[in-house]
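Please examine the sequence and the three-dimensional structure shown here before reading the report.

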Amino acid sequence: MCRRCFIVVDGRLWIPAVVCAGGRSTAITGKMSLSGRASSWGGRARLPSSTRTLTHESPIDVKPFIVRFNLHGDLDFFLRSGARGRRIERSLREKTAVKDVIESCGMPHPEIDLILVNGNPVDFYYGIASAANIELYPVGTKSTQCKEQRLQVSTTATFVVDGHLGRLARNLRLLGFDVAYDPRAEDRPLLCVMEHENRALLTRDRRLLMHAVVKTGYCPRSQNADEQIVEVIRRFNLLGSIAPFTRCIRCNAPLRKIAKAEIIERLEPLTKIYYEQFRRCAGCGQIYWPGSHFSRLQKRIEQIRLNSNS
Ligand SMILES: [Zn+2]
């Protein structure tokens, strides 16, 4: 069995409290709550150093024991390649919050909707102190059991999107959803916007999704933007809330109908001749009209609807 040790990596304290059944240790990190205000997107700062999640009770040392996980839905997506499978084991040598054990396996807590320990529903802070069989369910599992003990919200329509998911942000705005997005934003301002504006975080950075302040979030499985939008619609039950062409793709502000006469000076000669319906962004002033690309966009949106409903 591996000895317990503490390693400082890149300014973080990594605490290998979990030892896998094969003898390799797995680092566990929890995160401190952010106290900064969401005053702006700017600035580049590292996240605070880590602490472990506290359980409901005081930690106690116990004899090593095995915890067996059974993963439902697509949660094995988060396991290391080569370790994919629905059943995994972890060896613990001290009482540990179930959230920490789950995340040490690579699964961010916002992806976990239901935890059953030996058949009983528990929250993320439940302390595991002896051998246990644990069932993990993602959001959207068809099972109707334990509705009251579900850990995630089933729907939300406001998001903050990681700077690496620009096309997803654009697609969500095209469908009318409120999306905060800045391609330059780093982790701290991203989390501040999420926390202070009560938005769901969309990111493929699993470590970011594991941060303690994240209540609602999702990691798109696909790297394809058209598939990602379908995933997000399904995850947050957005099919009935789609309202295309109602939000500015550039700045996220709502679009308002405007009379042609009010903006005619800003139009190109052919646009003045062929188009009558216009909308203007309440934020940046951008003018939109159903131009030559409109029917192509409509077809794309219809395809997204069909794929989300299948
Ligand atoms: Zn705008």
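## Basis of the model

This is a predicted model, in which local features need pLDDT of at least 70 and side-chain atom pairs count only at pLDDT 80 or more, while totals for chains, interfaces and linings use all residues. Residues are numbered from 1 along each chain as its sequence is written.

Helices (H or I, at least four residues) and strands (E, at least two) are DSSP runs, numbered from the N terminus.

## The packing of helix 5 and helix 8

Helix 5 covers residues 225-235 and helix 8 covers residues 294-309; they pack with axes 9 Å apart and at an angle of about 55 degrees. Axes are lines fitted to C-alpha atoms, for helices over the stretch in contact, and angles run from 0 to 180 degrees between N-to-C directions. Helix 5 and helix 8 are therefore oblique to each other. Angles under 35 degrees count as roughly parallel, over 145 as roughly antiparallel, 65 to 115 as roughly perpendicular and the rest as oblique.

In the contact, Ile 229, Val 230, Ile 233 and Arg 234 of helix 5 meet Ile 304, Asn 307 and Ser 308 of helix 8. Two residues are in contact if their C-beta atoms, placed from the backbone, lie within 7 Å.

An open sheet is formed by 3 strands in the order 15-16-17, with antiparallel pairing. Strand 15 and strand 17 (287-288) are the edge strands, each pairing on one side only. Two strands pair if DSSP finds at least two bridges between them.

Strand 15 and strand 16 are joined by 4 bridges, and Arg 256 stands opposite Arg 280 in strand 16. Between strand 16 (residues 278-281) and strand 17 there are 2 bridges; here Arg 279 has Tyr 288 in strand 17 as its bridge partner. The hairpin of strand 16 and strand 17 has 5 residues between the strands, and within this hairpin Gly 285 takes a positive phi near 85 degrees.

## Two asparagines with positive phi

Which loop holds Asn 198? Asn 198 lies between helix 3 (187-196) and strand 13 (200-202). Although Asn 198 is not a glycine, its phi is positive, at about 50 degrees. Asn 198 is exposed, with 12 other C-beta atoms within 10 Å.

Asn 252, in the loop between helix 5 and strand 15 (255-258), also has a positive phi, near 85 degrees. Asn 252 counts as partly exposed, with 18 C-beta neighbours inside 10 Å. A residue is buried if 20 or more other C-beta atoms lie within 10 Å of its own, exposed if 12 or fewer, and partly exposed in between; C-beta atoms are placed from the backbone.
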